Amino acid sequence: MNIRFFERMKWENDLRNALEGDEFMLYFQPQIDLNTQMTICAEVLMRWKHPKQGLILPGQFINIAEETGLIIPIGKWVLRTACEQVRAWQNTGHPPMKISVNLSARQFQQPDLVEMITKVLEDTSIKYDCLELEITESVAMENIENTISTMQTLNDKGVRFSIDDFGKGYSSLNYLKRLPIQKLKIDRSFIRDVTTNPDDATIVSAVIAMAHDLRLKVIVEVLKLKNSSNS
Ligand code: G
Ligand code: MN
């Protein structure tokens, strides 16, 4: 119990220092349209360059950031830094790049979420329709009426939404019907063995068919592309 407590305190302290010490960095994972082979968006993924432990993936620290509330300043840093990067690309002549930013439940419940996003986009001169937000089903479940109303406000301005890790949680189809979303991201656990496991293949094709009938785009994560040495 004590060891766990001190472990947590250490992580919390490290997280706090990380934000001040510029130890976080962002990776941009391209989303490619299979029809056109064009990159249509890039998911913004946090990495932590820990001074002692090396590169740490979000799975290891997002939970603690959520529980301690540090996800609020960290999430703001992510959005601002990602938008500044897009601005820098645009300034060198690249066409506007869409980015997809992960939002945690705690961030979504912040009463000033819309104002925060508006301010960052205005400061960096990035249009609303360049921004996509990824939420999980658990975010949607917290307070469905509030969630819908916040999503609608952002939707009206041009921000798009996707449901992340679809299939991993409760997957109530009710959310698909009620939430104003445009993309569905199938959880990687169904994709990993999709070429060898017929059950996974059946589930994935059924979800794709349903999503398309609901006019949603479908995204899957490929760990290694065929005929490519890139991951
Ligand atoms: O390890 P990998 O980069 O694949 O982890 C991806 C997942 O980690 C995302 O789908 C998301 O759930 C979480 N994640 C990554 N970056 C962020 C972030 O900036 N904010 C939040 N809330 N979650 C993130
Ligand atoms: Mn995601």
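Is glutamate 145 buried or exposed? Glutamate 145 counts as exposed, at 52% relative accessibility, where exposed means over 50% relative accessible area, buried under 20% and partly exposed in between (1.4 Å probe, protein chains only).

1. This is a predicted model, in which local features need pLDDT of at least 70 and side-chain atom pairs count only at pLDDT 80 or more, while totals for chains, interfaces and linings use all residues. Residues are numbered from 1 along each chain as its sequence is written, chains are lettered from A and ligands numbered from 1 in the order in which they are written, and side-chain values use heavy atoms, with hydrogens and water left out.

2. The structure holds 10 salt bridges, a salt bridge being a side-chain nitrogen of Lys or Arg within 4 Å of a carboxyl oxygen of Asp or Glu. In one of them glutamate 145 meets arginine 178 at 2.8 Å, N to O, and this pair links helix α7 (residues 144–157) with helix α8 (residues 173–178) across 33 residues; helices (H or I, at least four residues) and strands (E, at least two) are DSSP runs, numbered from the N terminus.

3. Glutamate 67 forms a salt bridge with arginine 8, with the closest N and O atoms 2.8 Å apart. Because glutamate 67 lies in helix α2 (residues 62–68) and arginine 8 in helix α1, the pair ties together parts that are 59 residues apart in sequence.

4. The manganese ion (ligand 2) is coordinated by Glu43 (OE), Asn102 (OD1), Glu134 (OE) and Asp164 (OD) at 2.2 to 2.4 Å, where donors are N, O and S atoms within 2.8 Å of the metal (3.2 Å for Na, K and Ca) and sites may look incomplete, since water is not among the atoms. Glutamate 43 is buried at 8% relative accessibility, whereas asparagine 102 is partly exposed at 29%.

5. Glutamate 23 is buried yet has no salt bridge, and the nearest side chain of opposite charge, lysine 52, is 9.2 Å away; Lys and Arg count here as positive and Asp and Glu as negative, with His and the chain ends not counted.

6. The structure holds 0 disulfides, a disulfide being a pair of cysteine sulfur atoms within 2.5 Å. For cysteine 41, the nearest cysteine sulfur is that of cysteine 130, 9.4 Å away, and cysteine 41 is buried at 0% relative accessibility.
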